[in-house]
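Here are a few friendly notes to read alongside the model. Please keep the viewer open as you go through the points.

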Amino acid sequence: MDKATIFKAHPIYIYKMLKRFVFVLILPVLKGAIQYILYRRVSGVILLESIALAAIIALSVWRLLSFKVVLVSDNLIIEDGVVLRKRAVIPIENISSIAITSHFAIDVFGAVNVSVNTESGIYGRKDFSFKMYKKDAAVFETMIYGSPSQVEIKFTPGKIALLSATASASLTGLIVGVPVINRIGRLLNVGADRILSDITELSKSIKSYFPPIVNAITIVFIAVYGLSFLIALSRNMFFRTSTNNQKIEIKSGLYFKHKRIFKISAVKDVCIDQTPLMRVFKIFTMRVGIGGYGGENGEKSTIVPAMKKRKIKEIFSPLFPVLAEKRGFIYCKKDKLTRGRFLMLPNIYALVILGITALLIIFLPSFERLFLFAAIVSLSFDSYYGYISLINQKISGLSIGKTVVAKGVSRFTVRELYTPADNIGLIKIMRTPVDIAKNTCRVTVQVRSESSDSVKVRFLPYDKIKETINETYGINF
Amino acid sequence: MTCNLPYKTCTLLRIRVVLLILVLEAGPVYMAIALSKYFYILVAVLGLLCLFFLCFYIPRFVKSTEITVSNDGVVVKYGVFYKTEKIMPILRLIFMETYQTPLARLMGLCAVSFLGAKSRVTIPEISKTDAEKLFALVKGSKSGEQNG
């Protein structure tokens with residue numbers, strides 16, 4: 001019988017069990033205790049709350065002591081729970097990935113967060129998540145994934161900044177920033193209305209054709225985007241990828257350190273993407289789709305933040321042979337008619353924007369400058385949409401064989417998807433009346449995994465697509 | 001291998017139903033005493049429901065449940081009024097889990113779940129020995145399927 005290696009949870013894991021009771025029980029009891037010490041005054045329910053807290057702490061300690069992770073005979077066994085006792089037996093080959101993260105608050109206690117993911121479980125959530133001692137986590141990782149990685153690829157701060165800028169969004173900054181500013185404002189006795197009035201004063205002082213509210217919105221959006229960028233930068237700092245040909249390790253982070261490990265065999269597909277910002281610098285990012293990756297990063301992991309495409313293929317083709325295979329592509333026609341079809345939606349949107357702006361100015365002339373600003377912003381986006389549609393016509397193509405490669409544009413991002421034919425979960429073919437008349441079709445290929453990367457390729461010759469699918473999958477339709 | 005639920009599971013489910021009905025009855029009984037005697041009707045209805053589950057539904061549910069593990073997959077059949085069959089091919093199985101409540105632990109029973117990608121097949125409480133046998137059988141079938 002194989003020897004079992006047992007790992008216990010770090011004591012700090014108890015915080016996860018008590019987290020939900022912090023505001024409803026722990027703080028009121030602490031407040032009651034402080035009141036008793038200072039003023040010799042006790043509220044009516046404090047005794048009941050204290051008993052409840054003592055019971056919950058006792059249960060949490062019992063749960064902490066009974067938690068264990070066991071590695072034996074190619075199986076990972078996780079036992080958890082006191083009242084409802086759970087025991088999961090996971091074959092090691094079915095583990096999709098392990099993520100080891102830490103931040104300064106748990107680093108001082110010598111602990112790390114470990115999450116184990118499989119293709120099962122709820123999408124977007126880690127299957128198993130617990131806290132371990134740092135040295136135990138290192139042994140755990142080696143026992144599951146073998147020897148440490150030999151080849152390491154580091155990236156320059158500029159490329160990491162570019163990845164962070166691409167990953168940032170004003171909405172993220174807004175969601176994170178507003179509660180933080182509110183809390184800080186309360187601590188400093190500065191109300192939110194004072195902050196707003198400061199922004200208004202600043203925007204009034206900026207002389208421009210557009211009304212002050214436009215300046216205010218711009219200032220707020222730039223500020224929250226900047227905050228989002230700083231958060232993304234701190235997460236991506238010191239980004240490096242390493243491999244030993246069996247697994248890939250990705251490390252990043254300054255205050256919040258992340259380490260993600262997965263087997264190359266768990267990778268379902270490889271995407272080489274180019275966002276609008278990356279297009280300016282002519283570089284690409286590479287990410288992989290892993291079954292059951294889970295957690296806050298969803299199903300995808302970025303392996304290369306920013307690099308030239310040729311170099312990406314040169315370095316990673318040995319690990320992902322799908323990148324290197326020679327293949328024939330099916331492309332759409334490059335004639336004026338097809339170009340017109342690609343530009344149809346951008347033209348329609350431009351007309352709609354102009355029409356709505358004109359109507360609004362006619363009916364509400366006092367807000368003319370505001371509507372003009374909104375129209376300029378919308379038309380800028382639409383112009384870029386038109387430009388990227390022309391790029392879409394130029395590059396989009398599909399190859400279906402032993403490997404499926406799809407090149408197209410997905411929400412302003414130029415994408416190349418590489419995956420073995422067996423990993424395709426769905427091929428969707430759509431034909432509008434114009435497509436039927438012109439014998440073309442729009443093909444969407446979707447990867448078989450929980451979150452499924454997909455690419456839509458438009459205006460491909462329908463007969464050729466049918467023939468290729470028949471040759472590869474033996475399906476006649 | 002084919003197995004059914006043991007008689008102990010019937011007892012466990014009956015105990016759970018009785019506890020649940022007692023909790024549900026507490027409110028109507030209190031209201032019947034404090035407010036209006038008409039709440040005794042609700043008490044009686046809950047009591048009849050309890051009798052229905054204890055004497056009719058639970059024994060038939062336990063009798064109808066059948067678990068089959070083969071080289072092809074795991075099949076769980078159950079149902080009193082609506083018959084259900086859940087089938088999980090062996091190759092789609094990712095991992096297995098057991099659950100034990102305090103009562104189940106006292107009686108030496110545990111519930112078993114087989115998890116696949118976005119799917120789960122759960123077997124109600126069986127004996128721990130049977131659960132270990134199922135695990136070993138599934139593991140053996142899976143490695144046989146992968147090698148062959």
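**Notes on the two-chain model**

1. A:T440 is buried, with a relative accessible area of 11%; buried here means under 20% relative accessible area, exposed over 50%, and partly exposed in between (1.4 Å probe, protein chains only). The residue belongs to strand β20 (residues 440–447) of chain A, where helices (H or I, at least four residues) and strands (E, at least two) are DSSP runs, numbered from the N terminus. Leaving aside neighbours within four places in sequence, A:T440 is in contact with A:R341, A:R431, A:D435, A:F459, A:L460 and A:Y462. Contact means heavy atoms within 4.5 Å.

2. A word on conventions before going further. This is a predicted model, in which local features need pLDDT of at least 70 and side-chain atom pairs count only at pLDDT 80 or more, while totals for chains, interfaces and linings use all residues. Residues are numbered from 1 along each chain as its sequence is written, chains are lettered from A and ligands numbered from 1 in the order in which they are written, and side-chain values use heavy atoms, with hydrogens and water left out.

3. How many residues of chain B are in contact with chain A? There are 21 of them, and they meet 20 residues of chain A. Chain B and chain A bury about 1700 Å² between them, with 53% of it on carbon and sulfur atoms; buried area is the accessible area (1.4 Å probe) that two parts lose on being put together, summed over both. Of the area that chain B buries against chain A, 30% comes from B:I94, B:F95 and B:K118, more than from any other three residues.

4. Now the polar side of the interface. The count of salt bridges between chain B and chain A is zero, a salt bridge being a side-chain nitrogen of Lys or Arg within 4 Å of a carboxyl oxygen of Asp or Glu. The rule does find six residue pairs in polar contact across the interface (both at pLDDT 80 or more). A polar contact is a pair of N or O atoms within 3.5 Å; within protein, one must be able to donate a hydrogen and the other to accept it, and residues adjacent in sequence count only if both atoms are side-chain atoms.

5. Which elements of chain B supply at least two residues each to the side that touches chain A? They are β5 (93–100), α3 (102–106), β6 (109–116) and α4 (128–147). β5(B) gives the most, with eight residues. The residues on this side of chain B divide into nine nonpolar, five polar and seven charged; Ala, Val, Leu, Ile, Met, Phe, Trp, Tyr, Cys and Pro count as nonpolar, Asp, Glu, Lys and Arg as charged, and the others, Gly among them, as polar.

6. Strand pairing crosses between the chains here: strand β4 (residues 85–91) of chain A and β5(B) pair in the antiparallel sense over five bridges. Two strands pair if DSSP finds at least two bridges between them. In this pairing A:R87 stands opposite B:T98.

7. Over all chains, a search of the whole structure finds 22 salt bridges. In one of them A:R415 meets A:D273 at 3.0 Å, N to O. This pair links distant parts of the chain, with A:R415 in strand β18 (residues 413–420) and A:D273 in strand β12 (residues 267–274), 142 residues apart. Both A:R415 and A:D273 are buried.

8. A:K247 forms a salt bridge with A:E249, their closest N and O atoms being 3.2 Å apart, and both residues are buried. A network of salt bridges links A:E141, A:K247, A:E249, A:K251 and A:K259.

9. In chain B, the closest N and O atoms of the salt bridge between B:K77 and B:E66 are 4.0 Å apart. B:K77 lies in strand β3 (residues 73–78) and B:E66 in strand β2 (residues 66–69), so the pair ties together parts that are 11 residues apart in sequence. B:K77 is partly exposed, with a relative accessible area of 32%, and B:E66 is partly exposed at 29%.

10. Finally, a look at strand β2 (residues 68–72) of chain A, which is mostly covered: four of its five residues are buried. Strand β1 (residues 5–8) of chain A pairs with β2(A) in the antiparallel sense over four bridges, and A:K68 is the bridge partner of A:K8. Five bridges join β2(A) to strand β3 (residues 75–80) of chain A, again antiparallel. β2(A) and β3(A) form a hairpin with two residues between them, and A:S73 in the turn has a positive phi of about 45 degrees.
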